[in-house]
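Please keep the structure open beside you as you read.

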Amino acid sequence: MLDHIKYQSSMGTKLIKVRFTGIRNSELVDYLNANGYDAGEGSVTKDTDILIIPSEGYNTGSKYNKAVQYGVTIKPIQEFMDELSINL
């Protein structure tokens with residue numbers, strides 16, 4: 001199982017909620033979900049922890065804007081994969 005997939009909140013243990021914008025990577029989504037993340041193409045909400053973008057400098061779209069509004073961590077896909085040592 002990947003490191004840091006859960007964290008303690010005031011409501012108990014919560015899965016890390018990962019969303020994607022500007023890029024589709026079903027293999028990564030499947031991998032994350034199989035390892036305990038809540039990953040998918042869904043909407044960005046206040047409960048979203050990480051928004052994956054195609055590359056540094058990508059800053060368009062409603063998901064991106066919502067992520068900024070809610071203070072969600074925004075990471076380029078390669079940086080995210082490198083940090084977790086994911087090689088697909």
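Two strands pair if DSSP finds at least two bridges between them. Helices (H or I, at least four residues) and strands (E, at least two) are themselves DSSP runs, numbered from the N terminus. This is a predicted model, in which local features need pLDDT of at least 70 and side-chain atom pairs count only at pLDDT 80 or more, while totals for chains, interfaces and linings use all residues. Residues are numbered from 1 along each chain as its sequence is written, and side-chain values use heavy atoms, with hydrogens and water left out.

**The overall picture**

- The protein has three helices and six strands, and from the N terminus on they follow the order β-β-β-α-β-β-α-β-α.
- Of its 88 residues, 39% count as buried (under 20% relative accessible area; exposed means over 50%, and partly exposed lies in between, with a 1.4 Å probe and protein chains only).
- Take the contacts (heavy atoms within 4.5 Å) between residues at least 6 apart in sequence: 51% of them join residues at least 24 apart.
- The protein exposes about 5,300 Å², and carbon and sulfur atoms supply 45% of that area (Shrake-Rupley method, 1.4 Å probe).

- β3 runs parallel to strand β4 (residues 38–40), with three bridges joining them; the bridge partner of V18 in β4 is A39.
- To get from β3 to β4 the chain passes through helix α1 (residues 26–34), and this β-α-β crossover is right-handed (with the strands pointing away from the viewer, the path from the first strand over the helix to the second runs clockwise).
- β3 also runs parallel to strand β5 (residues 50–53), again through three bridges, and F20 has I52 as its bridge partner in β5.

**Helix α1**

- Which residues of α1 are buried? They are L28, V29 and L32.
- These three cover an arc of only 100 degrees around the axis, which puts them on the same side of α1; the arc is that of the directions from the helix axis to the C-beta atoms.
- S26, D30 and A34 are exposed on the other side of α1.
- The cover over the buried residues of α1 includes β3, β4 and α3 (77–83).
- Just after α1 comes G36, with a positive phi of about 95 degrees.

**Helix α2**

- In helix α2 (residues 62–70), K63, Y64 and A67 are the buried residues.
- They sit on the same side of α2 because they cover an arc of only 100 degrees around the axis.
- On the other side of α2, S62 and Q69 are exposed.
- Among the elements that cover the buried residues of α2 are β3, β5 and β6 (73–76).
- α2 is followed by G71, which has a positive phi near 75 degrees.

**A buried threonine in a loop**

- T48 is found in the loop between β4 and β5 and is buried, with a relative accessible area of 5%.
- A polar atom of the T48 side chain lies 2.9 Å from the backbone nitrogen of T45.
- Leaving aside its neighbours within four places in sequence, T48 is in contact with K17, R19, S43 and V72.

Terms used. Polar contact = N/O pair within 3.5 Å; in protein donor to acceptor, adjacent residues only side chain to side chain.
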